Amino acid sequence: MLLIVGLCNPGTKHARNRHNVGFMAVDAIHARHGFGPWRKRFHGETAEGMLAGEKSLLIKPQTYMNRSGQAVGEAAGFFKLAPADVLVIHDEVDLPPGKMRMKTGGGVAGHNGLKSIGSAIGGDFRRLRIGVGHPGVKERVPGYVLHDFAKADVDWLAPLLEAIADHAPLLAEGKDSTFANRLHEAVAPRASDGRKAGSASKTEPKSTPEAAAAPADPGERHDGPLARGLRRLFGGRG
């Protein structure tokens, strides 16, 4: 079983915050793969479904970010999951907006949600780090991540969330490096001949400690249903 955690702060006032990008990603997976209805469980909102034939549970902790481990620990304990069965999707200020990295284990870099989860289940869980950029001064980070994404961010955020949803079954298969490469292919700027950059290679990549995906081309508009929904959410035209 795979437990996919979207880190967030609960409540409508936080729904568009940079800190809640994990919440947005889990919602995109939920919508794309026909998961069951959300229900209150394990101090969070959970939904059950299947990815690549593997039973999977989505969870959005409702305990605020610095107590995320309470929800994750209860769910992991109930299903007797190892840290490797847990994937946490979270914001990362040390990556540029729209850049992603897959990682297993490691430090928490001051992220209170990761710190709480590490205390509950150990640090060897899997992570999808979504870059939201850095305000430039360490003291401004808390306020920065608790502010909403800018309207212009939808141009990279929409294709990124769509790609995460499209390729989520690879996560259930444990193909984290392949998943990261698929994200790269989906959101990379288009090559001069019209193909996605990096699309020529079909070779299965070797597993690496970290696999990166590049940001979307800001000049390329995405008009899928998720993109239109995000634009409405952020006050833009649908």
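This is a predicted model: local features need pLDDT of at least 70, side-chain atom pairs count only at pLDDT 80 or more; totals for chains, interfaces and linings use all residues.
Reader: What makes you say that E92 has its place in a strand?

Author: E92 lies in strand β5, where strands (E, at least two residues) and helices (H or I, at least four residues) are DSSP runs numbered from the N terminus. Residues are numbered from 1 along each chain as its sequence is written, and side-chain values use heavy atoms, with hydrogens and water left out.

Reader: Why is the link between the side chains of E92 and R129 called a polar contact?

Author: A polar contact is a pair of N or O atoms within 3.5 Å; within protein, one must be able to donate a hydrogen and the other to accept it, and residues adjacent in sequence count only if both atoms are side-chain atoms. The side chains of E92 and R129 make such a pair at 3.2 Å, which is within 3.5 Å, so the name applies. In the wider sense of contact (heavy atoms within 4.5 Å), and not counting residues up to four places away in sequence, E92 touches R129, I130, G131, V132 and G133.

Reader: How do you know whether D176 is buried or exposed?

Author: D176, in helix α6 (residues 176-187), has a relative accessible area of 14%, which is under 20%, so D176 counts as buried. Beyond four places in sequence, D176 touches M102, R126 and L171.

Reader: What makes the buried residues of helix α3 belong to one side?

Author: In α3 (residues 112-121) the buried residues are G113, L114, S116, I117 and I121. Taking the directions from the helix axis to the C-beta atoms, they cover an arc of only 160 degrees, which puts them on the same side of α3. On the other side of α3, K115 and S119 are exposed. The cover over the buried residues includes α2 (68-78), β5 (86-92) and β7 (126-131).

Reader: Why is a set of residues called a nonpolar core, and which residues have the most contacts inside the largest one?

Author: The name is given to buried Ala, Val, Leu, Ile, Met, Phe, Trp, Tyr and Cys residues joined through side-chain atoms within 4.5 Å. The largest such core has 39 residues, and those with the most contacts inside it are I4, I89, L128, I130 and I164. Helix α5 (residues 154-172) gives this core its largest share, eleven residues. Another core, of 18 residues, lies apart from it and includes L3, V5, V72 and I121.

Reader: How do you know how far the confidence of the model goes?

Author: The mean pLDDT of the protein chain is 84, and 79% of its residues reach 70 or more.

Definitions and conventions
Buried means under 20% relative accessible area, exposed over 50%, partly exposed in between (1.4 Å probe, protein chains only). pLDDT is the predictor's confidence in each residue, from 0 to 100.
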